[in-house]
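Hello,

Here is the structure I promised to pass on to you.

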Amino acid sequence: MQITGLWPTRSGQQIATARMTRAAASSISRVPIGWTMCRVRPRRSEPGKCFRCHGFGHQSGNCSGPDLSSNCKRCGEPGHELKQCLADKDLCVACERAGFERYEHKPGSGMCKARKEAIKKPTGRHPQTQSRQSLLQETSAATGAQILIVSEQNWNPTHDDRWVASTDGTCEVALTATADFVPDLIGAGRGFAWIQSRGIRIYSCYISRNDTDANFANFLGDVEQSVRSVDLHCSVIIGGDFNAWSQEWGSARNEARGDQLADLAAILDLLVGNVGTKPTYRRRNAESVIDVTFHRCQPCLALTHWRVMDEVESVSDHSYIQFWLERFQRTPDQDDPPERLRGWAYRQLNLDALTSHLAIAPLPAFDENTPTDQAADQYISYLTSSCDACMPPRAPPPHGRRQAH
C-alpha cells in the first residue's frame with residue numbers, strides 16, 4: 001500500500017488517500033491508527049476540469065462555455081494570474097455561473113456543488129473506463145513515464161496530437177505531459193500505431209485472440225512492412241498485447257501464433273525485452289505472458305529495467321509493464337559485423353531444401369596433411385552454403401549495431 005495524499009479538514013481531522021491492489025481494497029473496511037478506527041472507502045473518480053471556462057465534467061476540447069482561460073483560477077477575474085491574485089476570498093466561477101447560492105469557496109473543494117454535480121452526471125463512459133484512465137495517468141505521473149504504450153483501451157482522446165491511435169482504435173502510443181520532446185513522424189495501421197522521435201520508433205500493437213489465423217497473419221505482415229520502412233539508423237521498440245504464447249518470452253507453452261510472432265522477430269532482428277516468467281495477464285482461474293516487448297536498438301541505446309508492475313493496480317486483467325531506454329556513448333569498436341555473421345531466420349528452416357542441397361553438395365574432401373585452418377574454412381563454407389539453401393537471412397542490423405551473440 002502506498003499513501004498518495006494527506007490533508008487536514010476544517011473540523012481538525014485528517015483525510016488520507018492510498019493506492020493499493022484491488023484485492024487488498026476489497027478486504028479492508030477500517031484501518032486502526034492509534035486509538036482510532038478509521039473508515040476506508042473507494043475514492044470516486046474525479047470529473048474532468050475545463051481550463052477554458054473553469055467548469056467541471058468536460059474538457060476544453062468540447063467546451064461550449066465562455067473563454068476564461070486567461071482569467072485567474074482563484075477569483076475568476078481577468079488581468080492577473082493565480083500567483084498574483086490579491087483577492088480577499090476565493091470565488092468559484094463554476095458554481096456562480098450555475099446559479100448556486102454558495103460560490104465563495106475554493107473551486108473544486110469539498111464545498112463546490114458544481115464539482116459534486118459533475119460527479120453525479122453520467123459521461124457516457126463506463127465507470128471502470130474512467131478509473132482505468134485515471135489510474136494510468138496517476139501511475140505514469142508517479143513513475144515519470146514519458147511514453148505510454150496502450151492496448152485495448154476504451155477511450156480515445158480527441159484533439160490531442162500527442163496520442164496516436166491505430167486505424168481500428170484498438171491501441172495507442174502517446175507522449176505524456178512530462179515528455180520533453182514531440183513526435184517527428186507518426187503512423188498507424190490495423191492493430192498498430194507508432195511514434196518516431198529522436199531516432200527511436202515506438203510501436204503499440206494489439207490483436208484479438210478471437211481474430212482468425214488469416215487476420216493474424218495479415219496483421220504480422222503489416223507490422224513487418226512498417227518496420228522494414230524504418231531507417232537503419234533508427235532504433236525500434238515494439239510492445240503490446242499479441243495474444244500469442246511462446247516460451248521465448250516466458251509463456252508456459254508454445255503455440256502456432258507464438259511461433260509466427262517469434263519468426264517475425266527473428267526476421268526483423270528484434271530481441272525479446274521480457275525478463276523472467278512473471279505473468280502479465282491474470283484472470284480468476286488463469287494467468288499467462290501475452291504482453292511482449294521487442295527491441296532493436298542502436299549501440300548508443302539500450303532497453304533496461306524491464307519489469308511487470310504487479311504491485312500497482314491497473315483495473316484490468318493486464319498488469320502495467322515498465323522499462324527504461326538508456327543512452328550510452330558509442331565506442332569505436334562498434335562497427336558492422338561481417339555479412340556472414342548476421343545469421344539466418346532459423347524458424348523458417350525448409351527441411352526439403354536442406355535435404356536437396358545435401359544430396360548434391362559433397363562434404364569437403366581433405367586428408368591428414370590438410371592444414372587445420374584450411375579444413376576449418378572449408379567446413380565453414382560448406383555449412384554456410386547449406387544454411388543459405390534452406391533458410392532466409394536475417395534482416396541487416398542497423399549501422400554500427402553490435403552483435404549480441
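Let me begin at Ala-18, which touches Met-1, Gln-2, Ile-3 and Thr-4, leaving out residues up to four places away in sequence; contact here means heavy atoms within 4.5 Å. Ala-18 and Gln-2 are 16 residues apart in sequence, yet 5.4 Å apart in space, C-alpha to C-alpha. Ala-18 belongs to strand 2 (residues 14–19); helices (H or I, at least four residues) and strands (E, at least two) are DSSP runs numbered from the N terminus. With a relative accessible area of 37%, Ala-18 is partly exposed, where buried means under 20% relative accessible area, exposed over 50% and partly exposed in between (1.4 Å probe, protein chains only).

Before going further, a word on the basis of all this. This is a predicted model, in which local features need pLDDT of at least 70 and side-chain atom pairs count only at pLDDT 80 or more, while totals for chains, interfaces and linings use all residues. Residues are numbered from 1 along each chain as its sequence is written, and side-chain values use heavy atoms, with hydrogens and water left out.

An open sheet of six strands has the order 8-9-10-11-15-12, with mixed pairing; two strands pair if DSSP finds at least two bridges between them. At its edges are strand 8 (185–189) and strand 12 (271–272), each of which pairs on one side only. Strand 9 and strand 10 run antiparallel and are joined by six bridges, and Ala-193 stands opposite Ser-204 in strand 10. Helix 5 packs on this sheet, touching strand 9, strand 10, strand 11 and strand 15. The direction of helix 5 makes about 175° with that of strand 10 (axes are lines fitted to C-alpha atoms, for helices over the stretch in contact, and angles run from 0 to 180 degrees between N-to-C directions).

There is also an open sheet of three strands, in the order 5-7-6 with antiparallel pairing. Strand 5 (147–151) and strand 6 (163–165) are its edges, each with a single partner strand, so one side of each has no neighbour in the sheet. Neighbouring strands here are turned by 15° against each other on average, direction ignored. Three bridges hold the antiparallel pairing of strand 6 with strand 7 (residues 171–175), and Ala-165 has Glu-172 in strand 7 as its bridge partner.

What about the interior? The largest nonpolar core has 26 residues, and those with the most contacts inside it are Tyr-203, Ile-238, Phe-242, Trp-249 and Phe-294. Such a core is a set of buried Ala, Val, Leu, Ile, Met, Phe, Trp, Tyr and Cys residues joined through side-chain atoms within 4.5 Å. Among the elements giving two or more residues to this core are strand 9 (192–197), strand 10 (200–206), helix 5 (213–228) and strand 11 (235–241). Helix 5 supplies the largest share, five residues. Apart from this core lies another, of 15 residues, including Val-164, Ala-193, Ile-200 and Ile-237.

The structure holds six aromatic pairs, where rings of Phe, Tyr and Trp (its six-membered ring) pair if their centres lie within 6.5 Å, with planes under 30 degrees apart counting as stacked, over 60 as edge-to-face and the rest as tilted. Phe-216 and Phe-219 both lie in helix 5, three residues apart, about one turn of the helix. Their ring centres are 6.4 Å apart and the planes are at 50°, so this pair is tilted. Phe-216 is buried at 0% relative accessibility, and Phe-219 is buried at 1%. Trp-249 and Phe-294 form an edge-to-face pair, 5.9 Å centre to centre with 85° between the planes. That pair links distant parts of the chain, with Trp-249 in the loop between strand 11 and helix 6 and Phe-294 in strand 15, 45 residues apart. Ring pairs link Phe-216, Phe-219, Phe-242, Trp-249 and Phe-294 into a cluster.

Gln-322 counts as buried at 17% relative accessibility.

Best wishes
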